[in-house]
Amino acid sequence: MAAAAAAPTVFLLMVNGQIESAQFPAFDELYCKYCFVYGHDWAPTTGLEEGISQITCKNRDAQQALVWNFPIDITFKSTNPSGWPQIVVSVYGPDLFGNDVVRGYGAVHVPFTPGSHRRTIPMFVPESTSKLQKITSWLMGRHPEFTDPKVVAQGEGREVITVRSQGFVTISFNVVTKDMKKLGYDVSPSDMQNP
Amino acid sequence: IETSFAEFSIRERMREKLKAARVQTDFPSAEEAYKFFTFSFDPDPENIKDETKSKKKSESNQEEEEGEEQECDEEDCLVNNREDLFIIDQMARDFLVVKPAEYKSYSERLQKEREILFTPSILTVPMSQKVPENMQPRYIEDEGLYTGERPIVSLSNQNILENRILRQEQGKRWFGDDGKLLALPSPIKQYSTRPPIFSLEEGIEPELETLYRKAMKPMHANQYIVGSGDPQGQFQLDIDISGLIFTHHPCFSREHVLAAKLAQLYDQYLARRQQNLTKLLTDKLHALRNAVQSSLDNSGTSFLHIYIYRQTRRLRDAEQEKDRTLLKTIIKVWKEMKSLRDFQKFTNTPMKLYLRKEEVDQRSDKKIYEAEIQAEINELLEEYMEEYEKKMEEYKTELQEWKSWKKAQKTKKKKKIKQSQDQEEEEAENSEYVEEPVKPIPPKLADSLEVEQQVREKAINIRRKPGEPVLIPELSLTGSVTPNDLCPRAEVLRREDVKKRSLFLKVLFNTKEVSRTISRQISSDFRVHFGQIFNLKIFNWPESLKLQIYETMGFSSTNLLAEMFIPVPETTVLTGRARTEEIEFSSNQRVMLDHEGVGSGVPFSFEADGSNKITLMTSGKVSSSVSWAIGENGVPLIPLVSQQKTGIPSALKNIDAVASIGTSGVTDMKKLAKWAAETKLDPNDPKNADLMQLIMVATSGDACVPGFFRLEQLQQEFNFASDEELNRSKRFQLLQLRHREVAEFRNYKQVPLLEREITEKLFENYEKRLRERDVIDSKDHLDAHRALVAKYLQKVRESVINRFLTAKHHFLLSDLVNEEEVPSLGNLGLSLFKLAEPKRPLKPRRKERKKVTAQNLSDGDINLLVNIIRAYDIPVRKPVLSKLQQPSRSSRSFNEMFAASPSPQSPTRSIDWTFNQVLVHPFVEVSFQRTVCRTTAAEGPNPNWNEELELPFRAPNGDYSTTSLQSVKDEVFINIFDEVLYDVLEDDRERGSGIHTRVERHWLGSVRIPFSTIYFQTRIDGTFKIDIPPVLLGYSKEKNLGNERSYDSVRSLSEGSYITVFITIEPQLIPGDPVREKLYYLLKFDTQEDEKLLQAAEKYQAECALKFPSRQCLTTVVDINGKTVFITRYIKPLNPPQELLNGHPNNSQAAAELVARYVSLIPFLPDSVSFAGICDLWSTSDQFLDLLAGDEEEHAVLLCNYFLSMGKKAWLIIGNAIPEGTTAYVLTWEQNQYVIWNPSNGRCYGQFDTFCPLQSVGCLISFDNIWFNIQQYDSPVRINFDISKPKLWKSFFSQSLPYPGLSSVQPEELIYQHIDKAAALELQGRIEKILKEKIMEWRPRHLTRWNRYCTSTLRHFLPLLEQFQGKAVEDDHQAELQKQLGDYRVSGFPIHMPFSEVKPLIEAVHSTGVHTIDVSNAEFALAVYIHAYPKNVLSVWIYIASLVRNR
């Protein structure tokens, strides 16, 4: 163990925090799913990679926030900062007829620097391809969805889709890294000020 | 009050309780509090309620009365109110207090404000308050630092601010050293950067008014056009050609040459004199000398000063020397000229040189001279001294070293003397001789006399002698030229020749002649005066300006002397301001003249003896000026620079710093620098930083403009490692390879972070593959041609895979978004209809299982389910020693073979055979990916197992993506074995007490199904023909005619055994179809077909798909080059090999079978496996025969083409078959019935054969049409193949779209190489050897004996088998072997395969399990026979047998 500590071969990234709340002015009774997308050189060591939250109702106050406070806790190990983990959040909720409909997809990179961070992700959904589709999808309660929510974490293939913004999700992260500096990756902001 | 009664009453009760508590004491005791929280309250009587109400009222009244004085009894109030905390239904106004508005008088307010507020004064703050004490204000700008312009603030505001800040703590921090408030430079730009906003209502300022102009057509669509619609010739370039001087001309006489030289030298002299470097340097030297002196006096020596001083002296000396030599040369040339004039007795040039002497004061001059020399001597001595000291130092250290060494030597010597006195001398000598360093020599001190002499010598050489007058040469043209009549004849001739010659100049603009000067005679002094100005009206941007000098001789030819380019002037060079510049030219023409003229390029000499030859070339100078003209209104006629596209070095042009000062396009950097100096640009202003840098780069000579153009000039800055470093690093390489999706690294996880953790092994496979790409591995292929083909296929595969990888990154909407289809009316109706369906139908249909997307799978998740149901007609064991006569079956006709009704076949066997029949115990073993499962053994030739076997599936590299799954090449082997029990009991007496049997398994046959088929079909359900070798030693195919049931009678007609299986994958995987579609989009436009035809094809296909979505319809296919080709182009009669036709000249049926066999012998290579399910590539028949590998389509096309050339009616069938899936078969019309041919194994079936593997027919294709099956059924048994009926078959070409006569892509004729029997024989030997080695290898624990006798017997059988195509074999192999081998128990069989590679052969032998026999005395026999067909098609027979000696 001591030998491993002396000459690390991987660095660790520990992320905990929570999916705090969401702002979806037009919708209520939402729940969210999250998952992590990361590159080839990353592997989760502990914690949950995916999760699904409880259903929350709108706060009655003026802000009308939808609060989940859904905890995230995961540790990654990696050998390469390329493919830094992203959290992909997708929000679902029932529509007028009680069908479960997606209300937004969004993704954000886990912050690079250790410390506490808050991120607000704009959420979007794919649009129907035509007016007629839109009407039927509303009638049938089957809105267009991504085949895989992880699509939003990648840049490829976006040119074929149209999306519409729906709201925001706020996530707080507490990030701890280990051995990054030892392996030559300087990410802490204090080092940037006085190198 | 709206609360419900129940709530109200509880509240009431609580209040009561509380009140009761308060009445007794103000605070409840602990007990009471406990009670309050735990006690269950009983309803209290009503009267208390009233009391509380009155109480409450009184309290609220009291509040109002008390008003402000409430605070006095706050605690009490609180306690009072505590009770009211529970009263929610109290009104808001109960808590409100109404008070009168407060007012304070104005003076009072002012008073108060004065206490709080501070008003800074508007008076100027004295400077002393603003700067730190005892400090003078310091003005940075005066010190030369850039301060920038301060933003404008009104003085009063500034004063107010200053006053306020000074009152603050540490207020002085806000003031700079100059006593002003700190401020950033004014951010306001001098000009507006935002376009002005017009408001249409208000009056528009005249200069901003927009004018309507009609659009004008540009005159020339040329990139060099300058004008933007303005009238032509608005731009004007003035070229002033004033004259021309020759520095050498062929007609120069020797005197002219000297004169030219003299003139040149004199020019040089004048230039030098103007510079007067010597004077400059001498002055500098004096100054430096003083400086050195003073520094010496003050504080030691300043080395820098001395160094500079010495440097300067050296420079001065050099300059002086140059001056002196120049002067000397001038005088020498002049003297030469004079002597020449004297010699030739005439003068040609008016040149005269005067040497003006300037007398100097001898004494003072001498004094200065001496002083100079003395000073120099002293300095030199000093220098030498220094050097000496340095050397001395060195010497001393060296000496020290030498001495210490010497000492060491001595001590050593002493020691040695003590040790051994005998060898003393010898050793001492040796050591000294070898190692002694040279004794350093002390440096010499410089001799002052010597130095003086040196200095004096030098001075004499380079300087004027003291007292000598200063010589100043002056050149004048005042001399007289000797008239013609006094000259010798040769000279006269020369002069006449000169007179005959005349010159003119051509002006070429953009390499086009625009004008030329008038022709002028060359004057005797070789000057030509033109004095012409050309006004070039241009509208093309000048790319080049060129002058050509032409010489005319008399009336004869004109001769191009030289060309020269004139630089295009700067935009700032305008007429009137342009200077005349001299441009030199020279010509390399060789001219030899027969008179006094020296010629050009001809060596000549001034000496009488002809030594010192020199060669001169025609050269000269043109003086001209080029400038831009100024128009009438003073506007320069210069084209817009922004359109300039000249070859000005782009690096300079790219930096648009110049544009920032409003004069873009200025390319003369020196002028720019001058301008910058004149305008006193502040070099510290950040605004000018670009410009300053540009000027610095341009004016400093060393920072040269790069000679290349870099596309991304900043790229280098962002490279974090150089390319070499990237290539060297294994880690970077690994990352790059993974990014490129190279197969080996595509899904490599966790690339190690440190270089040392990456092992070389990682790259081994990849590098091996790269190496082997070009190396033909003959070991695996045995045959050079096949190795080549394999290589070619590998390359095709790679290119297709690359194409596929690009397609993978090409997304369609359906890949990303799941969207519901808009339901059509029909669908809606159907779904309504579905509601009425019975919930539990009597005949339930198989429900589709849920499909699993492949990505979230891992090892062990997927299983292959193989359900072995039953088998028919398994060969049975033959009793030993039964000899049977069998009729030869080779003469049956088609009618007999395919008759729908069974023709009665009379049993020819003896009756007692049925009684003798020995049963079989067949079991099935399924092997897949090295996992083996077996069923239990069943009884009899028609066993019924009904067992489910589960085999795990592992994807290659754990990659469960669709692509990876598509490329799985593994096959499912279903082997049928017979379990034989042998009694090994040695002693009969023990039979009662023990069982000693040995179990042997005998291979009977196999079925192989590729995994890809299962993957694409999702399930395989059907009866397959078992691949049973034509001969199974010890077994016979028995037709059990004992029980004559109708079912059996139908079945018995087809020979062979069958097995019914059901195979599927659990869970169901989604076969990756969209890829194909995408590739189709990518390839769509890559075609040479007619657009109309393609549209029709698309339409046809869409129509067909709408009607019968499950039926295959093909109109266009992709050829091997990736181009779309119409399918009928593949069908064309092609000649089969003549040898095959010769074999059966009269029997067309046999010939057809032979041809089919030939086709089936071409190795099979499914596209869908090799090309990862992307697309079918159809190769033409000749390509197919060259490659010797292809899939069903190629086989079918070739067979169809052969049949057509044999005069049969043949079509291609596109349909579904088991187990291939979508496939191509061939349909022929033979003797009033349709026959279906399976091209991949050469078998044929009647239309009504129930065991035909073809399950459905999608369309038929002939050379001129496509027919799509629009009948109700698609099973070949149930459809009508009469394509002439449009109700049954929808044809592609019809009356509305007639067949356009498409040319075929097939070759005219197929050419076959002759059979190479020797090569086949050699291959045969090698394969036999390899197989024998392999069998021995598989039996590591046993000795493998080979029975040679049996082998040779087997070898005799094989050619016979080939001859009868393995169909009509003599069944008496067994008997013959028995006869020859005596009491061996033989079990074995021949295996037949088309030859492609050795590996499949080995696999096939291994899968039979012959080698697994465990008997210690078993012997083996193995024989290989290769029959060669034309075009290197090989049929391989392997006869393998095991022999056990009977006891």
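Guide: A salt bridge is a side-chain nitrogen of Lys or Arg within 4 Å of a carboxyl oxygen of Asp or Glu. By that rule, 1 salt bridge is found across the interface of chain B and chain A. Its partners are the side chains of A:Asp41 and B:Arg738, with 2.7 Å from N to O.

Before going further, please note that this is a predicted model, in which local features need pLDDT of at least 70 and side-chain atom pairs count only at pLDDT 80 or more, while totals for chains, interfaces and linings use all residues. Residues are numbered from 1 along each chain as its sequence is written, chains are lettered from A and ligands numbered from 1 in the order in which they are written, and side-chain values use heavy atoms, with hydrogens and water left out.

On the side of chain B that touches chain A, the elements giving two or more residues are helix H20 (730-739), helix H24 (813-816) and strand S14 (817-818). Of these, H24(B) gives the most, with 4 residues. Helices (H or I, at least four residues) and strands (E, at least two) are DSSP runs, numbered from the N terminus.

Strand S14(B) also pairs with strand S9 (residues 145-146) of chain A, in the antiparallel sense and over 2 bridges; two strands pair if DSSP finds at least two bridges between them. Within this pairing, A:Glu145 stands opposite B:Asn818.

The contact as a whole (heavy atoms within 4.5 Å) takes 28 residues from chain B and 35 residues from chain A. The size of an interface is often given as the accessible area lost when the parts come together. Here the two chains bury about 2500 Å² between them, 55% of it on carbon and sulfur atoms. Buried area is the accessible area (1.4 Å probe) that two parts lose on being put together, summed over both. Of the area that chain B buries against chain A, B:Gln750, B:Leu753 and B:Leu816 supply 27%, more than any other three residues.
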